[in-house]
Every structure is written in structure tokens, then in C-alpha cells.
Amino acid sequence: MKIPLMVIADYATIDPITGKLHILGVFRAIYASTFPCQHKRLCLALTIEGEIADGKDPHELVVSLTDEDGTHVFSMQGSFEMPQGVGGIRPQCNLLVEFNDLRFERPGEYCFYVTVNGDELEENTAIQVVRREVGGV
């Protein structure tokens, strides 16, 4: 499996009828004047692409966040089913992971990693948490 799309956004949703992924407010940095800080809401939107032979069996998903030193911040887990591939086209599954009041202990780069069925996928995405002085631009 691989991830052709993974972004951090203010909001995302998946249309229940068409399966289309709608993403609003993609960003790569969070600014805070004091630490630790909390970010009210962010959504990790991703598309996982499977193999033609992948069945409808549930797949275990783990999303992990690490800081720039590689220290584990937290993990979330769940499951998903990959749809069947049609006409030789590799199947894709759109997924959303929403985070509320996500706490960052200090400025730096934080990275989201995805594991499916115990295998870490190569793709990841990072977010910068930046100290912004009060009154700064």
C-alpha cells in the first residue's frame, strides 16, 4: 500500500454518496506565542492506495505523531476496508483523522506517520510549530 495524498487541513469531509474527498484550508505551520500550546482543530486527510488483489478484509490503521527528535508524541488507531479495484485500477480509500486540542510542548517540526497492518508506509507529512512573538507579524 502507498499514500498518494496526505495533507494537514483545517477541515475535510468525505461525501457519503460519491466518496469524494473535500479539503479546506491546507497548511504546514502553526504559530504560537507561548509553549506548550494547543491547536484547536486540524484534520489529517489521506488517500491510501492498495493492490488489485486487496480484499475487503479490514485493515488496521495507526497514525503516529513524533517530534523533530523522533520522540513519540501520540498514536491513534482504527480500521478501514479497501474497496475492490475495478478494471485493473488500483483501489483507493479516502480517510480522515481529526485532532482537537492537539498539544505541542515546544516549537519544532512534528511528523505524522501512517502504519497499515503493522507496516509503516514510506509517505509522511510534517508540520512546523513556530514561536511567534506577541505583536509580531
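Q: How many salt bridges does a search of the whole structure find?
A: A salt bridge is a side-chain nitrogen of Lys or Arg within 4 Å of a carboxyl oxygen of Asp or Glu. The search of the whole structure finds seven. This is a predicted model, in which local features need pLDDT of at least 70, side-chain atom pairs count only at pLDDT 80 or more, and totals for chains, interfaces and linings use all residues. Residues are numbered from 1 along each chain as its sequence is written, and side-chain values use heavy atoms, with hydrogens and water left out.

Q: Which residue meets arginine 90 in a salt bridge?
A: The partner is glutamate 49, at 3.0 Å from N to O. The pair links distant parts of the chain, 41 residues apart: arginine 90 lies in the loop between strand S6 (72–81) and strand S7 (92–104), and glutamate 49 in strand S4 (residues 37–49). Strands (E, at least two residues) are DSSP runs, numbered from the N terminus.

Q: Is glutamate 49 buried or exposed?
A: Buried means under 20% relative accessible area, exposed over 50%, and partly exposed in between (1.4 Å probe, protein chains only). Glutamate 49 counts as buried because its relative accessibility is 12%. Arginine 90, at 30%, counts as partly exposed.

Q: Which residues does arginine 106 meet in salt bridges?
A: Arginine 106 meets aspartate 67 at 2.9 Å, N to O, and aspartate 69 at 2.7 Å, N to O. Aspartate 67 counts as buried, at 12% relative accessibility, whereas aspartate 69 counts as exposed, at 56%.

Terms used. Helix = DSSP H or I, 4+ residues; strand = E, 2+ residues; numbered from the N terminus.
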